[in-house]
Each structure stands twice: as C-alpha cells, then as structure tokens.
Amino acid sequence: MIEEALRAPLRIRILLALWEYGEINATELAHILGTNYAQLATHLKDLINYGLVEERRVGRVRLVKVRKDDVVISLIKALIVANEKIKQNQKILNKTNS
C-alpha cells in the first residue's frame, strides 16, 4: 500500500512541502510546486484517501496539511532523510563528472 501512496514523485513533493509549510491553501501549494491545480488536486485526493493528508474548507478555500499521526510523521521524516541523502549523492556525482 505504501508503494501505491508514494508511487508518483509529485505526491512525495506534496508531503515534503506540507511538512515544511504546514497548513496551506491548495492553490498556493500548486504554485510552490510548479504544477497546475488539477494535477495537484488529483494527487491530494489520493493522499487524503490513503490517510496521509487532511483537508478543510473555509468558504471556497481548500486548506491542506499533513495528518498528525505517528506513522505519517515517521514516514515523512524518513522521506526527508532519503531526500537529503539523494541530494548529497547528486552533488558528489556532479563533482566527479565535472
């Protein structure tokens, strides 16, 4: 199931951004991630269905945030560590290829 929840790179980027920004307007999140709202909304729906993200509506505004659950928080912390290691490896590869 975790493979399905995280199979799209945009879903991982959404989770990392929500961790960094906290509760945020979905339209603003789409702008931050450089994607369109329709694509973001599709992935948010999946993340909500998997129980990783929560949403609330204030009028027409759609606010989303990471679900504050121990398992979800542990998953995101692991994603942060993995993301940092990948960035470090990319820097090393770029230096050796230069």
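Trainee: How many of the residues in the chain are buried, as a percentage?

Mentor: Buried residues make up 34% of the 98 residues. Buried means under 20% relative accessible area, with exposed over 50% and partly exposed in between, using a 1.4 Å probe and protein chains only. Keep in mind that this is a predicted model, where local features need pLDDT of at least 70 and side-chain atom pairs count only at pLDDT 80 or more, while totals for chains, interfaces and linings use all residues. Residues are numbered from 1 along each chain as its sequence is written, and side-chain values use heavy atoms, leaving out hydrogens and water.

Trainee: What makes up the secondary structure of the chain?

Mentor: There are five helices and three strands, in the order α-α-β-α-α-β-β-α along the sequence. Helices (H or I, at least four residues) and strands (E, at least two) are DSSP runs, numbered from the N terminus.

Trainee: Why is R62 called buried?

Mentor: Its relative accessible area is 10%, and the cut-off is under 20%, so R62 counts as buried. R62 lies in strand β3.

Trainee: Which side chains make a polar contact with the side chain of R62?

Mentor: One is Y37, at 3.3 Å, and another is E55, at 2.4 Å. A polar contact is a pair of N or O atoms within 3.5 Å; within protein, one must be able to donate a hydrogen and the other to accept it, and residues adjacent in sequence count only if both atoms are side-chain atoms.

Trainee: What else is R62 in contact with, leaving aside neighbours within four places in sequence?

Mentor: The list includes I24, A41, L44 and I48. Contact means heavy atoms within 4.5 Å.

Trainee: How do you know that the span of α4 is close to the expected one?

Mentor: Helix α4 covers residues 37-49, 13 residues in total, and reaches 18 Å from its first C-alpha to its last. The expected span is 1.5 Å times one less than the number of residues, which gives 18 Å here.

Trainee: Which residues of α4 are buried, and what do they pack against?

Mentor: L40, A41, H43, L44 and L47 are buried. The buried residues of α4 pack against α1, α2, α3, β2 and β3. An α-helix has 3.6 residues a turn, so residues three or four places apart point the same way.

Trainee: What is found at the start of α4, and what follows the helix?

Mentor: A side-chain oxygen of N36 reaches to within 3.2 Å of the backbone nitrogen of A38. After α4 comes G51, whose phi is positive, near 80 degrees.
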